[in-house]
Amino acid sequence: MDKSIKSEVSFSSTLFTPFLPDEAQVNPGCYGAELAYWLAQQLAQRGIYTSYPQQEDWGWFIEYITEEGDEYLLGCSNQSGTEHSWHLFLQPQAKGLFGRNKAPLALARPLLTGIQRVLDECQQITDIQWHD
């Protein structure tokens, strides 16, 4: 994995506070639908296309596929126990058996650059911190 590319980001915002009660969530206290839908729309407006959001036990994700067919999962979730702290993380998906031949992070640079721009341009998002 290319360590020079930061593939996780955390930030704060009230913009993605869930509007449905915990009983309607995939798991109580696990949020991210509002963030995933907003992010997919913001990226699409910049010509970066993803899948529609899908749910998972820990939150939500969108998929990104490069023109070469490399696949990435972008996780969108709240920080545990919070409704205003968020976490995005990129996971390259395997092309072969047993999790081998994962796509290099370098091929997802357009997506990561798009995410950085979207977050930086939104005044309702603060405390942006990128991680390896």
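**Terms and their grounds**

Mentor: Two salt bridges are present in the structure, which is a predicted model.

Trainee: Why is the contact between lysine 6 and aspartate 132 called a salt bridge?

Mentor: The closest N and O atoms of lysine 6 and aspartate 132 are 3.2 Å apart. The cut-off is 4 Å between a side-chain nitrogen of Lys or Arg and a carboxyl oxygen of Asp or Glu, so the pair qualifies. Lysine 6 lies in the segment before β1 and aspartate 132 in the segment after β6 (126–131), so parts 126 residues apart in sequence are tied together.

Trainee: What makes glutamate 121 and arginine 46 a salt bridge?

Mentor: Their closest N and O atoms are 2.5 Å apart, and the limit is 4 Å, so this pair also counts as a salt bridge. Glutamate 121 belongs to helix α2, whereas arginine 46 sits in the loop between α1 and β2 (54–56); the two are 75 residues apart in sequence.

Trainee: Why is glutamate 121 called exposed, and why is arginine 46 called partly exposed?

Mentor: Exposed requires over 50% relative accessible area, and glutamate 121 has 51%, so the term applies. Arginine 46 has 34%, which falls between the 20% and 50% limits, so this residue is partly exposed.

Trainee: How do you know that cysteine 30 and cysteine 76 form no disulfide?

Mentor: The sulfur of cysteine 30 is 14 Å from that of cysteine 76, its closest cysteine sulfur. A disulfide needs the sulfur atoms within 2.5 Å, so this distance is too far for a bond. The count of disulfides is zero. As to accessibility, cysteine 76 is buried at 0%, while cysteine 30 is partly exposed at 22%.

Trainee: What makes tyrosine 37 and tryptophan 60 a tilted aromatic pair?

Mentor: The structure has six aromatic pairs. In the pair of tyrosine 37 and tryptophan 60, the ring centres are 6.4 Å apart, and the limit is 6.5 Å, so the rings pair. The angle between the planes is 55 degrees; stacked would need under 30 and edge-to-face over 60, so the pair is tilted. Tyrosine 37 is in helix α1 (residues 33–45) and tryptophan 60 in strand β3 (residues 59–65), 23 residues apart.

Trainee: Is tryptophan 60 buried or exposed, and why?

Mentor: Tryptophan 60 has 14% relative accessibility, and buried means under 20%, so it is buried. Tyrosine 37, at 43%, is partly exposed.

Trainee: Which residues of the largest nonpolar core touch the most other members?

Mentor: They are Phe11, Leu35, Trp38, Leu39, Leu43, Leu88 and Leu90, in a core of 32 residues. Helix α1 gives the most to this core, with seven residues. Phe11 and Trp38 also belong to a cluster linked by ring pairs, together with Phe16 and Trp86.

Trainee: Why is phenylalanine 61 called buried?

Mentor: Its relative accessibility is 8%, and the limit is under 20%, so phenylalanine 61 is buried. This residue is in strand β3. Beyond four places in sequence, its contacts include Tyr52, Pro53, Leu73, Leu74 and Cys76. Its C-alpha atom is separated by 9.0 Å from that of leucine 88, 27 residues apart along the chain. Leucine 88, leaving aside neighbours within four places, is in contact with residues including Phe11, Leu35, Leu74 and Cys76.

Note on methods:
Residues are numbered from 1 along each chain as its sequence is written. This is a predicted model: local features need pLDDT of at least 70, side-chain atom pairs count only at pLDDT 80 or more; totals for chains, interfaces and linings use all residues. Side-chain values use heavy atoms; hydrogens and water are left out. Helices (H or I, at least four residues) and strands (E, at least two) are DSSP runs, numbered from the N terminus. Buried means under 20% relative accessible area, exposed over 50%, partly exposed in between (1.4 Å probe, protein chains only). A nonpolar core is a set of buried Ala, Val, Leu, Ile, Met, Phe, Trp, Tyr and Cys residues joined through side-chain atoms within 4.5 Å. Contact means heavy atoms within 4.5 Å.
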